[in-house]
Amino acid sequence: MLRRLTLTAVASLAALSAAAPAATAVAPLVPLPPLPVLQGDWPAAQDSRTKLTVTVSESGNPAANGTFELECDPVGGTHPEAQRACDLLDEAAESGENPFVATDRNAMCTQQMGGPASARVQGTWQGESVDARFSQANGCEISRWNNLVPVLPSAR
């Protein structure tokens, strides 16, 4: 990577000096000091950490209601089950599933009401922006919620 950057810089300087008019006096090129060699891993082009704000209301469990911060890699925040929640999100990423995708509007869902619980998850997951809402409005939404437990509390 460092060699490619150096070669690119040299090629750019050569192109610029070749493009200069012949009649114009061009100052001689002064060699630049070598770039420092960095130790360790290069930073990722995209931050793939997970940092979410989970807001839950009317879950049926007063301790589960409120706003919680969830961070993964490393695990942290105020989420009551941070390790288990991060493990679930890691499993979803490994299987290529996005647990925050909304239910398809054309989905056939059972018309059962699971209760007044609602939740909103905002932030980043695997470096992607998340802004998802959850409810217990019908069978599809109940299933979607249950598939995200323990990121969301069990609403029973």
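Biologist: Which residue is the bridge partner of Q122 in β5?

Modeller: In this model, which is a predicted one, Q122 has D131 as its bridge partner in β5. That bridge belongs to the antiparallel pairing of β4 and β5, which extends over 8 bridges.

Biologist: What about the hairpin of β4 and β5, how many residues lie between the strands?

Modeller: There are 2 residues between the strands in that hairpin, and Q126 takes a positive phi near 55° there.

Biologist: Back to D131, then. Which side chain does the side chain of D131 meet in a salt bridge?

Modeller: The side chain of D131 meets that of R120 in a salt bridge, with an N to O distance of 2.8 Å.

Biologist: How does R120 count in terms of relative accessibility, and at what percentage?

Modeller: R120 has a relative accessibility of 25%, so it counts as partly exposed. R120 also takes part in the sheet pairing, being the bridge partner in β4 of T55, and the two strands concerned, β1 and β4, pair in the antiparallel sense over 7 bridges.

Biologist: And on to β2, how many bridges join β1 to β2?

Modeller: β1 and β2 run antiparallel and are joined by 7 bridges, with V54 standing opposite F68 in β2. Going on from β2, strand β3, which covers residues 76-77, is joined to β2 by 2 bridges, again with the two strands running antiparallel. Within that pairing, L70 has G77 as its bridge partner in β3.

Biologist: Which residue takes a positive phi in the hairpin of β2 and β3?

Modeller: D73 does, with a phi near 60°, in a hairpin that has 3 residues between the strands.

Biologist: Can we zoom out for a second? In what order do the elements run from the N terminus on?

Modeller: The order is α-β-β-β-α-β-β-α, which corresponds to 3 helices and 5 strands in the protein chain. As for contacts with a separation of 6 or more, 55% of them are between residues 24 or more positions apart.

Biologist: OK, now the inside. Which residues touch the most other members of the largest nonpolar core?

Modeller: That core has 23 residues, and the ones that touch the most other members are L70, L89, F100, V121, F134, W145 and L152. Several elements supply at least two core residues each, namely β1 (50-57), β2 (66-72), α2 (82-95), β4 (118-125) and β5 (128-135). The largest share, 5 residues, comes from α2. As general background, nonpolar side chains in soluble globular proteins tend to be buried together.

Biologist: Why is α3 described as largely enclosed by the rest of the structure?

Modeller: The description follows from burial, because 6 of the 8 residues of α3 are buried. These are G139, C140, E141, I142, R144 and W145, and what covers them includes β1, β4 and β5. At the start of this helix, a side-chain oxygen of N138 reaches to within 3.0 Å of the backbone nitrogen of C140.

Biologist: Last topic, how many salt bridges does the count come to?

Modeller: The count comes to 3 salt bridges. Besides the R120 and D131 pair and the R144 and E141 pair, E81 forms a salt bridge with R84, where the closest N and O atoms are 2.1 Å apart. E81 has a relative accessibility of 34%, so it counts as partly exposed, whereas R144 and E141 are both buried.

Technical notes. Residues are numbered from 1 along each chain as its sequence is written. This is a predicted model: local features need pLDDT of at least 70, side-chain atom pairs count only at pLDDT 80 or more; totals for chains, interfaces and linings use all residues. Side-chain values use heavy atoms; hydrogens and water are left out. A nonpolar core is a set of buried Ala, Val, Leu, Ile, Met, Phe, Trp, Tyr and Cys residues joined through side-chain atoms within 4.5 Å. Buried means under 20% relative accessible area, exposed over 50%, partly exposed in between (1.4 Å probe, protein chains only). Helices (H or I, at least four residues) and strands (E, at least two) are DSSP runs, numbered from the N terminus. A salt bridge is a side-chain nitrogen of Lys or Arg within 4 Å of a carboxyl oxygen of Asp or Glu. Two strands pair if DSSP finds at least two bridges between them. Contact means heavy atoms within 4.5 Å. A polar contact is a pair of N or O atoms within 3.5 Å; within protein, one must be able to donate a hydrogen and the other to accept it, and residues adjacent in sequence count only if both atoms are side-chain atoms.
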